[in-house]
Structures are given as C-alpha cells and as structure tokens.
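Dear colleague,

Please find the structure below, handed over for your use. My findings follow it.

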Amino acid sequence: MKAPFYVETLARNGDVLHRHAIAQLPIRIGRGYDNDFILDDAYAAPRHAVVDVGPDGGLMLRDLGSVNGIVHHGRRCDQLALDGNTVVRMGHTSLRIRAADFDVGPEAVDRTRHGWEGALPGLAGALLILASWIGARWANDPQAFQPLRYILQSASVLGVALAWSGAWTLANSMFARQTRLGRHLFITGCFLAAMTLYGAVSSVLAYAFSLEGLVRYDRLVVVALAAVAIFHHLSTVKPAYRPRYRAASVTLAAAGCALVLLSNYLRSGRLADEPYMAVLLPPAVRVSPDHSVDDFIGRAQSLKPKLDVERTRKVRDLDDDEDE
C-alpha cells in the first residue's frame, strides 16, 4: 500500500466523475470544510467517515456515527475493509478509495476507431437502404413503374433511416463523445438489406419446396434481425459492455417474438402469420410435385365426417337449450 491515496466519486455506470489525491492517512471524509475530502452531498454528515490502516495492513473505512451511514451492496456497515474495487455509498454519492500502487490491469483493446469509419460506411449504408427499399417495392408493386413515385418514396425511407441513425448518433455523442453517424447508418442499411433479402429468399424457397414455415413465421425473423441491429448500435456507443448488450438483445428478441405469437393467436387463433404465399411466382420455379384435383377432393371429403359430428353436436346443444 503506497501513498498517495485517491478518493474517486463514481457515476451509476461505474465511470469516474472526479478523483482527488491525498498524501497520507488517515483520510477524513464529510461535508465539513475541515475534512481531507469534502463530500458535497446534503445527505452526508459534516464528519461522515474516516479511512485508516486496518488490522491486516490494508485500508479500513469506518463510520463516524453519521445518520445515513456507509452502504455497501445495499447493506449498512459500521466499518469495511477496502480492496481498491470496493464501492461504497455515503449519502447519495458513490465512492472508491485506491492507493497509488493499485494494479489497474492491461489496457483495453480500442474497438471504437478503425478504418471503417466516416463517410464510406455512411455512403454504403445509404446505398443499402435505397437498394433494399427499391428492390422490395419493385418486386411487390402491382402498378406500372413510375420513376417520380419511386424517388419520392425512397427519399422518405432514407429520411426515416437518417432520423433513426441520428438518434443513435446523438446517444453516441452523449455517452462516448463521438458521433459515428456513418457506422450507425451502415448498421441500419445492413438491417434493411438482411430483412429484404430474407423476404425474397424465403418466398422463393417456400414456393419452390412448399416450406410453409419460412413465410408463416417471417415476422419472428424480422424481430430477431432488429435485435441484432440494436445490439450493434449499442456496441458502437459503448463497446466495453458487449456482454450486457448481448444479453439485453436476446431478452428483447424473446419478448418481441412472444408478443408477435400472442398477437397472431388473438387475431386468428393460430400462432402463424397470415397470409401464406403472399407472393406468387412462375410455375417453373416449383420443385415440389403438384397435387392433383383428385387429391384435393379426397382430402376435402375426409373432413366431412368430422364436420358432421361437430354439426350434430351443435344442433344437440341448441335443442337442449330450447328444452330448458
């Protein structure tokens, strides 16, 4: 344990707001001006606590009889051994005390700046957004091609994407002191491109091989892709918290999928989306064998006994109600 000693005030996310060096022990902490570290907190006592050498030779924090005390992990303590990573709360202020020889560990890998920054990813993102929108609109447009209409609609879509990316850019500027509009615009473009590509590929495969599940549950895929995009947005703002963001994105995707399935069930009584085969392709695309009309009639007739039983039951229940 080597002097000087540093008293740090911390933000809620653990970032250091202020660091004050003190040459020697003991360190008196409180709101009064006769302390070594003045705690500007209305909920701190004039002489709140003191830091001195403990029985084991390490730092020991001791309460001086304050009303609100010292809180560590949600529990009040009269005294507490400090190991350099111990965070305590006095009043409404979070504090940490470290000696000059505290091992801060190796430097973190800088994932915030590299070659894929600035105008290049922003331009790529804008092109992906426009290409995705125009491709999806053209493939599903029943009207004749009108360039002016496509230009106006593309400008609107690009404006919405810029507003979404701009919101993330503002968060990046507030919490990471960088704007990185190009990166956020590129992430948005990748999300729209992935969503459009999946819609096109799933429609073709579902039509060709009769894979109904690919299109009946495509909204779940959109939710999952949105969660991935949000994860990358958050990781761009604060790369150090990627494990937390991964867990949050998985939770968000699970909650979104559950809401989609519940909405489908309340609307149609089934979990799947409607309708199936919204896009019809040329017959040459079909790979699965076609079913004959006789097969269709046979399957329809096989439903008749079940429907007769159901109809008979309903008539019987109606007769019973009239008798009562």
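Where is the place of Pro 4? Pro 4 is found in the segment before strand E1 (5-10); here strands (E, at least two residues) and helices (H or I, at least four residues) are DSSP runs, numbered from the N terminus.

This is a predicted model, in which local features need pLDDT of at least 70, side-chain atom pairs count only at pLDDT 80 or more, and totals for chains, interfaces and linings use all residues. Residues are numbered from 1 along each chain as its sequence is written, and side-chain values use heavy atoms, with hydrogens and water left out.

The average pLDDT (the predictor's confidence in each residue, from 0 to 100) is 87 for the protein, and 94% of the residues score at least 70.

Backbone geometry

Most residues other than glycine have a negative phi, and most peptide bonds are trans. A cis peptide bond, with omega about 0 degrees, joins Ala 3 and Pro 4. The bond from Leu 25 to Pro 26 is also cis, with omega near -5 degrees; Pro 26 lies in the loop between strand E2 (16-22) and E3. His 73, in the loop between strand E7 (70-72) and strand E8 (75-77), has a positive phi, near 55 degrees.

The sheet

Five strands form an open sheet in the order E4-E3-E5-E6-E9, with mixed pairing (two strands pair if DSSP finds at least two bridges between them). Its edge strands, E4 (37-38) and E9 (79-82), each pair on one side only. E3 and E4 are paired in the parallel sense over two bridges, and Ile 29 stands opposite Phe 37 in E4.

The helix pair

Helix H5 (residues 218-237) packs with helix H6 (residues 242-268) at an angle of about 155 degrees, their axes 9 Å apart. Axes are lines fitted to C-alpha atoms, for helices over the stretch in contact, and angles run from 0 to 180 degrees between N-to-C directions. H5 and H6 are therefore roughly antiparallel to each other (angles over 145 degrees count as such; under 35 is roughly parallel, 65 to 115 roughly perpendicular and the rest oblique). The contact (heavy atoms within 4.5 Å) includes Val 223, Ile 230 and Phe 231 of H5 and Leu 252, Gly 256 and Val 260 of H6.
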